[in-house]
Amino acid sequence: MSAFALMKILGILNFIVVQVQLETFDKLNVWTKNQFTNQEHYFLSDHRPVEHFFPDKLHDLNGNMFSFYGEWDFPYVIVVDDKVFGVVPKFIDIIIRQRCNGTTFYTQDPKFTFVTDSRYNILQFRLSFAHTLFFREQSGVFLVCPVRTERDFLQPLLKPFSMGIWIVLGALFVTCRVLQFLFPTTYRYDLVGITFFGGGGTEYEHPFKFRIVTFTLIVLLFFLSEAYNTKLISLMTFSKFYKQPETLEEFTQSNYRILASRYAAETYSDLRPKFLSLSETRREERRLGWRKNEIYCSTVDQGIALPIHVLRLKDYAVPLYVIPEPIAVDRSLVQFHQYSPFYDMFHMYFDRFNDAGLWMNLVNSIVYTLGKSKRDRQREEQFQEVIFYFDDLTCIWLLVIAGWLVSGITFFGELISWKIQNKLRVGNFFPI
Ligand SMILES: *[C@@H]1O[C@H](CO)[C@@H](O)[C@H](O)[C@H]1NC(C)=O
């Protein structure tokens with residue numbers, strides 16, 4: 001085997017071959033060869049500077065092909081109709097095509113996994129040589145859950161006021177009662193009825209003292225009731241009144257369940273109680289089909305979670321959302337083959353790209369492109385959206401029903417007590 005062939009197999013680019021002639025030690029012929037262009041460079045050994053012996057052989061790949069194996073992982077590797085896009089292919093194109101005058105080849109065929117020059121997210125540990133570029137940004141596994149759209153109306157309606165305001169209201173009530181008890185001649189009409197419900201007496205020909213007191217009370221009540229109304233209306237219009245868990249801790253307290261995969265429950269032991277068992281999962285999958293995602297959460301890689309997050313897919317009856325906190329953290333990587341002459345160059349450019357922020361810029365621009373296609377679609381739909389839903393008025397329905405119930409119960413209570421009193425009276429008058 002010639003020295004050149006050996007160097008090529010070992011991926012060593014910077015070498016010189018020295019032919020030793022024992023008689024003439026002072027001046028020797030040295031040469032090197034570029035494996036990509038097959039050019040040979042000859043020098044004399046006293047040639048200076050010595051860097052000339054090692055020209056940048058990657059500078060011109062002469063159309064040589066650099067191959068890459070990677071499977072779909074948004075936004076790093078995106079496959080659309082046999083074409084490959086994404087951050088990693090873009091990065092490789094910039095280096096190989098623009099800087100090195102080479103060509104690139106991308107494949108998803110697992111057959112080629114171990115013959116391509118580089119591959120994505122397949123890590124094989126090797127004894128010597130570093131060949132792996134770990135991405136600086138995290139990726140990971142996320143939980144995708146259906147958005148629960150039941151709004152929580154009861155809670156705010158039952159607790160409309162803070163303790164302080166309740167005390168003020170209670171104090172008002174007591175004041176009215178006390179005033180009426182102390183000055184029955186001045187306050188001849190039902191003060192409670194007038195202040196709280198705006199009725200219960202005639203509004204004219206009141207003594208001055210009476211008018212002063214009712215005026216202050218009513219002003220106070222006016223502000224309180226307006227504030228309450230505003231809160232109610234904001235409840236109706238504020239469409240996102242349901243709470244979604246944002247962290248894993250909140251998630252564990254929610255009643256969401258996760259569809260299990262084979263080792264999921266063991267792998268993510270913190271969330272173990274939230275996982276369905278494997279047999280339950282199979283049963284639910286059979287029962288619901290792809291609609292299972294409208295009820296249960298599932299664990300997905302970032303490459304799938306990110307498009308779901310950006311697109312908010314419309315195929316489901318409920319929107320899906322991604323819990324921002326990952327359940328497992330990971331780093332993507334690109335590994336080069338064992339004697340790859342490209343590793344050092346890629347390593348250098350990878351660092352430069354990252355340090356300059358170009359890498360994140362690539363990532364963001366691809367995520368942004370996807371988001372933009374979604375925004376365009378949204379604009380079309382903007383005017384087709386219903387503004388006011390039946391559900392928006394839920395708080396009104398609740399209040400109306402509760403009001404009817406309370407007034408009904410009071411009414412029957414009064415009716416019964418009146419009946420009983422009547423009976424007692426009749427009984428007293430005509431003892432049997
Ligand atoms: C780039 O590569 C092509 C072969 O694909 C070659 O013909 C050409 O001379 C190279 N260009 C430069 C500037 O080296």
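Predicted model: local features only at pLDDT ≥ 70, side-chain atom pairs only at ≥ 80, totals over all residues.

**Sheet, helices and ligand shell**

Three strands form an open sheet in the order E1-E2-E3, with antiparallel pairing. Strand E1 (17-18) and strand E3 (40-44) lie at the edges, and each has a single partner strand, so one side of each is left without a neighbour in the sheet. E1 is joined to strand E2 (residues 29-33) by two bridges, and the two strands run antiparallel. Within this pairing, Val18 stands opposite Val30 in E2.

The unreviewed UniProt entry lists residues 161-183, 210-228 and 386-412 under "transmembrane region". In the model, residues 161-183 are 87% helix and 0% strand, and the C-alpha atoms at the ends of this span lie 31 Å apart. Residues 210-228 are 100% helix and 0% strand, with 27 Å between the end C-alpha atoms.

Helix H4 (residues 163-182) deserves a separate description. H4 has 20 residues and reaches 28 Å from its first C-alpha to its last, close to the 28 Å expected at 1.5 Å a residue. How many of the 20 residues of H4 are buried? The count is one, and H4 is thus described as hardly covered.

The ligand remains to be considered. Around the ligand stand Asp60, Asn62, Gly63 and Asn101. By residue class, this shell comprises no nonpolar, three polar and one charged residue.

Conventions
Residues numbered from 1 in each chain as written. Helix = DSSP H or I, 4+ residues; strand = E, 2+ residues; numbered from the N terminus. Expected span 1.5 Å × (residues − 1). Buried ≥ 20, exposed ≤ 12 C-beta atoms within 10 Å, placed from the backbone. Near = placed C-beta within 6 Å. Nonpolar A, V, L, I, M, F, W, Y, C, P; charged D, E, K, R; others polar. UniProt positions renumbered as here; feature names shortened; annotations may be inferred. Pairing = 2+ DSSP bridges.
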